[in-house]
Amino acid sequence: MDFASLLGIISGLALIISAIFLGGNADVFLNVPGLMIVAGGTIAATLLTVQFKDVLNAFKAAWIVFTRDNTNPQEMIDTMLELSRVSHRHGLLKLGDVESDSHVLKRACNLLSEAASEQVIRNTLQNEIDSLIARHHAVQDVFRKMAAYAPAFGMLGTLIGLIQMLSQLSNPETIGPAMAVALLTTFYGSLLATMVFLPIAGKLHARTLTEVTNLEIIREGCISILTNDHYMHVYEQLASYLPEAQRKPIKIGRNKQPAADKAAPQAAKDRS
């Protein structure tokens, strides 16, 4: 799991649980009907708003974001520099042999090897960027909606509890415990919204920004390779996507074989 996410979950839950135990009896914070109202109502309202497959995709995306590392933009810059060296050594046709886990990078290399025009490459990769933003926005929107619904159903549960409490005013001894139970649903709704749904949406948004940056680096790097820019010029163009403090010197040595060169013979062998 992503270290920042793990630290946030553990520290947040630890502080909340500690505050509950330090305040007295923790059993009063457990109310099954209140959980049913908040959790069930939030899920039902979300399913009424978006399609069921979108909800499943949202939770799958959240699991991926929290359990898999994203490609660092600096690593993507290094990859584009290696591809630039391959292009200068062997020509654009050699880029068609490059294997990559990124389907966008593989598609871009294929376009370069097929001598596609600059406009075709720019439009194709820009469409990939726009499509990624749209898909990720739909996923983030699911969690933002759930973050809005959870407190609302918490308040609804509080109103239900207050109505039940007011119906028993003839017995003053039950007013205090009944009020505590009524307020629990508001607590559940606020906790789910601020501790679960909004942080997930924020993490997804941060991942989107990083992936968009990587795709923009691929786009601009491919255009620089197409125009036969020297790899030092490619680096200067792509380094602008990183803050100055995070920019690292080029690590490509004369005796180092780029990853693309290593992958090319194997790819050619597989095709034969």
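The questions below concern ring pairs, salt bridges and annotated segments in a predicted model.

Q: How is the aromatic pair of Phe29 and Phe187 classed?
A: A pair of aromatic rings is described by the distance of the centres and the angle of the planes. For Phe29 and Phe187 the centres are 5.6 Å apart and the planes stand at 65 degrees. Planes over 60 degrees apart count as one class, so this pair is edge-to-face.

Q: How many residues apart in sequence are the parts that the pair of Phe29 and Phe187 ties together?
A: Phe29 sits in the loop between α1 (3–22) and α2 (32–49). Phe187 belongs to helix α7 (residues 175–226), so the pair joins parts separated in sequence by 158 residues.

Q: Is Tyr188 buried or exposed?
A: The ring of Tyr188 pairs with that of Phe187 in a tilted arrangement, with centres 5.9 Å apart and planes at 55 degrees. Phe187 is partly exposed at 28% relative accessibility. Tyr188 has 7%, and under 20% is the cut-off, so Tyr188 is buried.

Q: Which residues do ring pairs link into a cluster?
A: Phe29 pairs with Phe187, and Phe187 pairs with Tyr188. The cluster is therefore made of Phe29, Phe187 and Tyr188.

Q: What share of residues 178–198 is helix?
A: The UniProt annotation "transmembrane region", from an unreviewed entry, covers residues 178–198 among others. Across residues 178–198 the end C-alpha atoms are 30 Å apart and strand makes up 0%. The helix share is 100%.

Q: Which helices hold Arg107 and Glu128?
A: Arg107 and Glu128 form a salt bridge, with the closest N and O atoms 2.5 Å apart. Arg107 is partly exposed at 41%, whereas Glu128 is buried at 12%. The two residues are 21 apart and link distant parts of the chain, Arg107 in helix α5 and Glu128 in helix α6.

Q: Where do Glu118 and Arg122 both lie?
A: Their side chains meet in a salt bridge at 3.4 Å, N to O. Glu118 is partly exposed with a relative accessible area of 34%, and Arg122 is partly exposed with 28%. The residues are 4 apart, about one turn, and both lie in helix α6.

Technical notes
Residues numbered from 1 in each chain as written. Predicted model: local features only at pLDDT ≥ 70, side-chain atom pairs only at ≥ 80, totals over all residues. Heavy atoms only, no water. Phe/Tyr/Trp six-rings, centres within 6.5 Å; stacked < 30°, edge-to-face > 60°. Buried < 20%, exposed > 50% of the residue type's maximum accessible area, 1.4 Å probe, protein only. UniProt positions renumbered as here; feature names shortened; annotations may be inferred. Salt bridge = Lys/Arg side-chain N within 4 Å of Asp/Glu carboxyl O.
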